[in-house]
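Colleague: I'm new to this one, could you walk me through it?
Modeller: Gladly, let's look at it together.

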Amino acid sequence: MGRAAVRSAIQSCLQGAQIPYLGTVWPARPVITDEDSYTQTMSGQAIAESPSGSACIAVVNLPSDRRVRRADVGRGAVDDTNVHDVALELFFASSGGNAAPQGIEAQQDYDSIVDALTVAIRANPTPEGIWSVGEFTAGVTHEQSTPFQSEDGMTVLIAGLLRFEAWEWVSGVGV
């Protein structure tokens, strides 16, 4: 498969999961800039997708990989695992329309997205040819920023990160 195919499979699986409030799932960072500008840009996209409610934008990142031989099959053949660390960036916005958004309701919407993403990852551990996703000791972990408001005070913003592993089993000759 390789990195590009793993990235695409994860993006496709999550985009197709029909998760409430989940908008665009990007297969990689759509803009390249410094971290503060990137977070601001992606939060702005989430705001644009949430004119009178909540929305979340997700970005599939593969920050590292580990390919390891699993069986002695001779020099010309391989029997390896290729483990990709997945860091799914989450950019959440909850707009109250003409009223200021409520923190508790925004947090509940965000939590429902994270819960649904975790269920989707665990419910389909073999998306589009990946040998295993979200299993073994790494499991699925989540980190969340402290919620904050947009400059105009009309939107609650939360950034989060879901981490899990995607395992490929690579076997054959010359692969």
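Modeller: A word on terms before we start: a residue is called buried when its relative accessible area is under 20%, exposed when over 50%, and partly exposed in between, using a 1.4 Å probe and protein chains only. Helices (H or I, at least four residues) and strands (E, at least two) are DSSP runs, numbered from the N terminus. This is a predicted model, in which local features need pLDDT of at least 70 and side-chain atom pairs count only at pLDDT 80 or more, while totals for chains, interfaces and linings use all residues. Residues are numbered from 1 along each chain as its sequence is written, and side-chain values use heavy atoms, with hydrogens and water left out.

Colleague: OK, which residues of α2 are buried?
Modeller: The buried ones in α2 are Y38, M42, S43 and A46. They sit on the same side of α2, because they cover an arc of only 125° around the axis, the arc being that of the directions from the helix axis to the C-beta atoms.

Colleague: Why would residues a few places apart point the same way?
Modeller: An α-helix has 3.6 residues a turn, so residues three or four places apart point the same way.

Colleague: And what do the buried residues of α2 pack against?
Modeller: They pack against four strands, β1 (22–26), β2 (54–69), β3 (77–95) and β7 (155–173), where contact means heavy atoms within 4.5 Å. On the face of α2 turned away from that buried side you find D36, Q40 and A48, which are exposed.

Colleague: What happens at the start of α2?
Modeller: There, a side-chain oxygen of D34 comes within 3.3 Å of the backbone nitrogen of D36. As for length, α2 covers residues 35–48, and its 14 residues should span 20 Å at 1.5 Å a residue, which agrees with the 20 Å between its end C-alpha atoms; the expected span is 1.5 Å times one less than the number of residues.

Colleague: Where does E49 lie?
Modeller: E49 is in the loop between α2 and β2, and with 33% relative accessibility it counts as partly exposed. Leaving aside residues up to four places away in sequence, E49 touches G23, T24, A55 and I57. With T24 there is also a polar contact from side chain to side chain, at 2.9 Å. A polar contact is a pair of N or O atoms within 3.5 Å; within protein, one must be able to donate a hydrogen and the other to accept it, and residues adjacent in sequence count only if both atoms are side-chain atoms.

Colleague: Switching to α3, which of its residues are buried?
Modeller: In α3 the buried residues are A106, D109, Y110, I113, V114, L117, A120 and I121. These share one side of α3, because they cover an arc of only 135° around the axis. Exposed residues on the other side of α3 are I104, Q108, D115, V119 and A123.

Colleague: What about α1, what covers its buried residues?
Modeller: The cover includes β1, β2, β3, α3 and β7. The buried residues of α1 are V6, R7, A9, I10, Q11, C13 and L14.

Colleague: Now the strands: how do β3 and β7 pair?
Modeller: They pair in the antiparallel sense over 19 bridges, and N82 stands opposite E168 in β7. Two strands pair if DSSP finds at least two bridges between them. Strand β5 (residues 141–144) also pairs with β7 in the antiparallel sense, over 4 bridges, with G160 in β7 as the bridge partner of Q144.

Colleague: And which strands form a hairpin?
Modeller: β6 and β7 do, with 5 residues between them, and G153 in the turn has a positive phi of about 75°.

Colleague: Which way does β6 run against β7?
Modeller: Strand β6 (residues 148–149) and β7 run antiparallel, joined by 2 bridges, and F148 has L157 as its bridge partner in β7.
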